[in-house]
Amino acid sequence: QTFTVGYKLLALYALDSCEDSVFVILPKRGERDTFQLVSVKLTKTAGQDVEAKEFSVVLEGVDASPKCTAFGREGEYVASVKNLHLQVYFFKRKQLNRFSLRATNAKGGNNLFTCVACHPKEDCIATGHADGKIRLWRNFYHNKEYVFSTLHWHHDRVMDLSFSIEGTSLLSGGVEAVLVQWHNGSDCKKDFLPRLGSAIEYISVSSDGTLYCTLHTDNRITIINSNLRFSKSIQGLIRARDVKTGLVVDPRTKALVLNGEAGHLQFYCLQSDKQLYSLDIVQQEYIQQEGLNQTDLVKVAFSAQGKWLATVEEREEEPDLELHLKLWFFDEETQSFKLNTQISMPHDDHITAMCFRDMDELEDDSLILVTAGKDCLFKVWVILEDTDPEAQQSLSWSCDFVGSYHNYQATNCCFSEDGSLLAVSFEETVTVWDSSTWDLKCTFCHPPGKIRDICFGRLTCSKYLIGATDHGFLCCWNLLSCALEWSAHLNVVILQPDPLSEHIAAVSWLSKESSLFVFKPNESRPICIQRNLCQEKIQFAAFVPRDVPETVGSEKYAWLRRSQLYFLTDAQELMTFSTKSPEERLTVSSKQLAIEESLPVTPFSLLLGKHRHQQSQGDIDLSKVVRNHHEQDSPAVKELLHTPAHVLPSASFLCPIFINSLLISKEKESAEEVADEVEMESEEAEEDSDEEKDVTEMEQENIKSMDLLGETTCKLSKAEEKELRKVRKMDYSWISAF
């Protein structure tokens, strides 16, 4: 059943002692940022959709976070914390007790409440605080005679608390990425599970008490045994502290590459929603403490074939700036990147852009890396061969050319498709350079406004250069005539060319909504306009080449045929653009999933048609059609088993797809089978041969039908078949007169 409350539900609590009702936190009507804990009566009715009309307010002024409210043993009371106040409501006595703390204590600690948990067997309430302390409250039935003890290990705010099933231990977690287990409420007896990756945001305990689960701020779930031994990690796209590298595609694996753990690059597989691997770039221990200026990964670029990787890391502490440019070479033996060259302070100020020249990498002489910086310079880096026989490596990178333009800051850079031209933007001016001689060829500076992004056209549009300004103009220049081809008034924040076609995607941000415009540089009219793509600002976008070209019905979406567009929002939500219906997307995505062959034989697996046949020796000769059908992988079945429940379509949508997947399709007969069945006696007349073929095919279909039901049939002799054909040729039409 579905119960409609009519309010936004922020938290939900279900108790064993209250089977006919649930508790929810919802906003108070008519008051902003005020929430209340409400009991909702689940009325027993025959309908599927029910409107919940009976609900009563339990507590006013609660915090919206689910971890700031908890229920005591057997549901006798509920405790809720907010700011500096703890309130406890006793259901049987209908009594409300309030407890308050000072904002700071004598030692300067911050007493703000951050979370609460209740002991499952005793009258004890545990509260977490902003200064890292944990308080255990007892005797809270009385307003003045209450007592509490203090546990302290965390150096920063306690993010969450949870008691074990029997209440013998208390679990706590915070920004230190360490799970702490306190035994019997003692400050002296505690165990630790460190290095869990990122801050612990939520803690949960399984119903049998054998497993703990932690949810982390980097979008990771960790399963832990009750003896604090690591069991499993569930990780998709890592939520970084801040994505500065943008979305980059690895040419080797087609994985999406961006900031991951602190100082790491994550290689994220779009097909399997899994992290392929994480590359440690900074190679320094990250200290979990706010306010520290630590080394951060800010830029990344791949060469055309993915043989070389360039990264930029920086650490800024006024007035000093530390910069490191690192070049990584892909080792075929270890199948990983190895550091080749590290350049300290490649620029005197922040690096704003970086790109490789997309040319044949078989010859290292043609490989060029360009970096642009706020120090008003762009630098060209090339590979040099070390002739010293005692050198550890034969290749290294060195600066080959330094360019500037009127002492303006260099903000963007990119190469043309053939690598012959380099475009570098200097504030309001775009400069074009010859990559063989590094001569300045031409400049573009219309219309006014600092250049926000630039890119060259590709294929048939390679003679065009596109630029977007912060004054809200999108410009297209013709490189042959050195003139402005066209311009449009559009506040473009992202320009992303498709590497496999002439199309360019432009993302605009206006009136708190992002819109998508797809165009070809030789046409000023967009091919596709998708307004209000999302309510959040899009930070980065990337075209990912498809393994197989997509079949697109409408010419409007032809730009999606060879590549798929992905974009990342401010909230670090990775989204993509698709023209397919939910049913089509379901089928395609399911082809890339696989069912574990060790799936246990249960009634459910038998229903889904994925069980293994345990047959005796006498059943070996059963029809191959039966075995092949059950051994096939059904896309609908895979989707049901492998797609996370929270992103599955409704059951009414999945049901017809699932039923259709269980139907047996009519298989075509091979030429050999037909040839064997239509073998005739030599004395048969020529005019009977066609009819004999038809009869044979009908017999073959009948045999298949019988085999599908698990039955075996006896073959007729040729004499019996001849007699049967004579009977079939007899005219029985005279029976119709009766």
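A salt bridge is a side-chain nitrogen of Lys or Arg within 4 Å of a carboxyl oxygen of Asp or Glu. The views below come from a predicted model, in which the count by this rule comes to 18 salt bridges.

**View 1. A salt bridge joins Lys326 and Glu313.** The closest N and O atoms of Lys326 and Glu313 are 3.3 Å apart. Strand β29 (residues 320-331) holds Lys326 and strand β28 (residues 308-317) holds Glu313, so the pair ties together parts that are 13 residues apart in sequence. Lys326 has a relative accessible area of 3% and is buried. Glu313 is likewise buried, with a relative accessible area of 3%.

**View 2. The side chains of Glu60 and Lys28 meet in a salt bridge.** The N to O distance of this pair is 3.6 Å. Distant parts of the chain are linked here: Glu60 belongs to strand β6 (residues 55-62), while Lys28 sits in the loop between β3 (21-27) and β4 (35-41), 32 residues apart. Glu60 is partly exposed at a relative accessible area of 36%, and Lys28 is partly exposed at 25%. A network of salt bridges links Lys28 and Glu60 with Glu31.

**View 3. Lys190 and Asp187 form a salt bridge.** In this pair, the closest N and O atoms lie 3.9 Å apart; the contact counts as a salt bridge because the definition asks for a distance within 4 Å. Lys190 has 24% relative accessibility and counts as partly exposed. Asp187, with a relative accessible area of 31%, is also partly exposed.

Key:
Residues are numbered from 1 along each chain as its sequence is written. This is a predicted model: local features need pLDDT of at least 70, side-chain atom pairs count only at pLDDT 80 or more; totals for chains, interfaces and linings use all residues. Side-chain values use heavy atoms; hydrogens and water are left out. Helices (H or I, at least four residues) and strands (E, at least two) are DSSP runs, numbered from the N terminus. Buried means under 20% relative accessible area, exposed over 50%, partly exposed in between (1.4 Å probe, protein chains only).
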